[in-house]
Amino acid sequence: MNSELVMEFLGGVPLLQRLPASSLKKIAQMVSVKNYDKGDYVVREGEVADGTYFIWDGEAEVCGSFHAAEENQPEYRLKQFDFFGHGMASSTQPADVIALSKLTCLFLPNEHTNLLKPKSIWCSDETHEKRPLVERILHLDPVDVNIFEGITLPDAPKFGKVFGGQFLGQALAAASKTVDCLKIVHSLHAYFLLLGDFERPIIYQVHRVRDGKSFATRRVEAIQRGNVVFTLMASFQKGEDGFKHEVATMPSVPDPEELLSMEDLRERRVVDPRLPRTYRNKVASSEFLPWPIELRFCEPNTSTNYTKSPPSLMYWFRAKGTLSDEQALHRCVAAYTSDLIFLQVSLNPHREKGLKSSSVSLDHSMWFHKPFRADDWLLYVIDSPISDSARGFVTGRMFTRSGELVVSATQEGLLRRARKAQVSSAAQSKL
């Protein structure tokens, strides 16, 4: 049987969509084909369970000594992409499965069912704890076919609340793990609704809006304390050739190796006499939590939070460590990073001594143009063309080192002078 067809079929099985792409490729190599005629027993009640069956073509029915209510009979009809036998290693079949038509199944023997239980949704070869920090931040625990749980790791950036990029990256990860691995996200649109509590788990509920031959659409709700705090729509496309042009030009900037790291830049600012002493003391005394993303600013300067500057910023970034190869992960990392120092650029022209401001993201959109690796250097070019009505608007473009435009992003956020602190509620509004 054609290996590409097997991969495409397995990618449509909901049980397998949550797996790392590497696991799916191994399963495609391990499965065998079993054919049955109408009326044949696929498995018999009481027999030793020998593996997991995936229905490729045809229909089957579950029946046996259990008594199912007549109105629930459709629940016991199995068709394409359904599966049975999963999780029953070293046990017996609980029911008969009988072919209702000519039936073709792909069969995965018990000795390979460990492939169905990886420790990470991104990598099948190593323990989750050995993966780079950002990959661990973007790991989710599957709760059900369309439900995932994410947490804020102790060493993840928080900024007093769940970091917006974490919502973006984790929600996109949840959506990506409900489509076949041949379809990759090409756009997303998200709304930040309530502040996230980093001490509580986040439930991601995925709604399968549409599944087509070339495209799939998913809607994701992030839930805490029973409230939807974040929502995301994402569209996925199977790769295909088409018309091509590119007129975007990457700005001329120093190579990342010539620029200071965040850690080095921080040390420089602590001892830089051109900066106010109070500012240097504050930097020196504040706790520095290393980010999972390495940043190199293209135009390091002596500005502080009170210094006016143009509404633009450029920095190189890459994930720390070597990420798993799955392209979906690299796009989740780009989504995570896209919210780092993004909306704040819109505040640059309005900074002044004594200014206390509050800013929260309202909505965020991204378009992914080409494949890339997020553990290689990418240049993030940010501009804010306008701020009005207490809303700042920013645009971002991500380029590879070779100058290819791979991602475009936009965000609008609320920018206000800080108000007096108010008593917090269980579900605190962002507004």
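Two strands count as paired if DSSP finds at least two bridges between them; strands (E, at least two residues) and helices (H or I, at least four) are DSSP runs numbered from the N terminus. On that basis, S15 and strand S16 (residues 312–319) pair in the antiparallel sense over 5 bridges. This is a predicted model, in which local features need pLDDT of at least 70, side-chain atom pairs count only at pLDDT 80 or more, and totals for chains, interfaces and linings use all residues. Residues are numbered from 1 along each chain as its sequence is written, and side-chain values use heavy atoms, with hydrogens and water left out.

**Sheet**
- An open sheet of 12 strands runs in the order S9-S10-S12-S13-S14-S11-S17-S20-S19-S18-S16-S15, with antiparallel pairing.
- Its edge strands, S9 (141–144) and S15 (293–297), each pair on one side only.
- From one strand to the next, the twist averages 25°.
- Ile293 stands opposite Ala319 in S16.

**Met366**
- Met366 lies in strand S17 (residues 357–368).
- Met366 counts as buried because its relative accessibility is 0%, where buried means under 20% relative accessible area (1.4 Å probe, protein chains only).
- Leaving aside neighbours within four places in sequence, Met366 is in contact (heavy atoms within 4.5 Å) with residues including His186, Leu188, Ala334, Ser338 and Val407.
- Ser338 is 28 residues from Met366 in sequence, and their C-alpha atoms are 8.8 Å apart.

**Nonpolar cores**
- A nonpolar core is a set of buried Ala, Val, Leu, Ile, Met, Phe, Trp, Tyr and Cys residues joined through side-chain atoms within 4.5 Å.
- Tyr204 and Phe230 touch the most other members of the largest core, which has 68 residues.
- A second, separate core of 18 residues includes Val6, Met7, Ala28 and Phe54.

Note on methods: Buried < 20%, exposed > 50% of the residue type's maximum accessible area, 1.4 Å probe, protein only. Axes fitted to C-alpha atoms, helices over the stretch in contact; angles between N-to-C directions.
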